Amino acid sequence: MRIGELAARAGTTTRTLRYYEARGLLPARRGHNGYRTYDEDDLKLLRQIRTLQDFGFDLEETRPFVECLRAGHPEGDACPASLAVYRRKLGELDELIGELQSVRAHVGQQLERAERARDGLAADAEVPGGPEPQCELGGIHG
């Protein structure tokens, strides 16, 4: 198949395919007429790259999977280098999850503090001579 058909079937652009070719991820085969030619294996390779990118892998991280497919493995993630990338990515994700849990805990604490402060202001407003309650937008409730 030609580059336009491959791009359409892979759900990408010809520009992206040329970029992958320049990065050595997609083979650069030419037909007798000089046009790039591709086959079903190339489509499988592209689908592997796209799936990994959808999961947050950067383009360079897809290289071991591409090489595994090119080595003849039916799945690009069966090779030791691919498994190592999976392990590294899981470690990164675990770290990010930890950071997000920490941020979430901090935001939860801030919310609790803010609600206590709001409740304290509301209680003070009910005391004769206490302050008028303020709207979050700065207006006075009346």
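D42 is located in helix α3, where helices (H or I, at least four residues) and strands (E, at least two) are DSSP runs numbered from the N terminus. The structure is a predicted model, in which local features need pLDDT of at least 70 and side-chain atom pairs count only at pLDDT 80 or more, whereas totals for chains, interfaces and linings use all residues. Residues are numbered from 1 along each chain as its sequence is written, and side-chain values use heavy atoms, with hydrogens and water left out.

With a relative accessible area of 3%, D42 is buried; this term stands for under 20% relative accessible area, with exposed meaning over 50% and partly exposed in between (1.4 Å probe, protein chains only). Contact is taken as heavy atoms within 4.5 Å. When neighbours within four places in sequence are left aside, D42 is in contact with L6, L26, P27, R29 and T37. The C-alpha atoms of D42 and L25 are separated by 9.8 Å, the two residues being 17 apart along the chain.

The secondary structure as a whole consists of 5 helices and 0 strands, and the order of elements from the N terminus is α-α-α-α-α. The chain has 142 residues, of which 25% count as buried. Of the contacts between residues at least 6 apart in sequence, 41% join residues at least 24 apart.

The largest nonpolar core contains 16 residues, and those that touch the most other members are L6, L17, Y20, L26, L46 and I49. Such a core is a set of buried Ala, Val, Leu, Ile, Met, Phe, Trp, Tyr and Cys residues joined through side-chain atoms within 4.5 Å. At least two residues of this core come from each of α1 (3–10), α2 (14–22), α3 (40–54) and α4 (63–70). Y20 touches L25, L26, L46, I49, R50, Q53 and L59, residues up to four places away in sequence not being counted.

Helix packing was examined next. Two packed helices are described by the angle between their axes and the distance between the axes. Axes are lines fitted to C-alpha atoms, for helices over the stretch in contact, and angles run from 0 to 180 degrees between N-to-C directions. Angles under 35 degrees count as roughly parallel, over 145 as roughly antiparallel, 65 to 115 as roughly perpendicular and the rest as oblique. For α1 and α3, the axes lie 10 Å apart and the packing angle is about 40°, which makes α1 oblique to α3. The crossing of α1 past α3 is right-handed; a crossing is left-handed if the near helix is turned anticlockwise from the far one by less than a right angle, and right-handed if clockwise. On the α1 side, L6, R9 and A10 meet E40, D42, L43, L46, R47 and R50 of α3.

Helix α3 also packs with α4, their axes coming within 10 Å and crossing at roughly 155°. The two helices α3 and α4 are therefore roughly antiparallel to each other. Here, too, the crossing is described by its hand: α3 passes α4 in a right-handed manner. The residues that meet are K44, L45, Q48, I49 and L52 in α3 and F65, V66, L69 and R70 in α4.

The count of disulfides, defined as pairs of cysteine sulfur atoms within 2.5 Å, comes to 1. This disulfide is formed by C68 and C79, with sulfur atoms 2.1 Å apart. C68 lies in helix α4 and C79 in the loop between α4 and α5 (80–126), so the pair ties together parts that are 11 residues apart in sequence. The torsion about the S-S bond of C68 and C79 is about 80°, and the disulfide is therefore right-handed. Both cysteines, C68 and C79, are buried.

The loop between α4 and α5 also holds G76, which counts as buried at 0% relative accessibility. Apart from neighbours within four places in sequence, G76 is in contact with Q48, P64, F65, C68, L69 and S82. Between G76 and F65, which are 11 residues apart along the chain, the C-alpha separation is 4.4 Å.

In helix α5, the residue K89 has a relative accessibility of 9% and counts as buried. Its contacts, leaving aside neighbours within four places in sequence, are with G56, F57 and E61.
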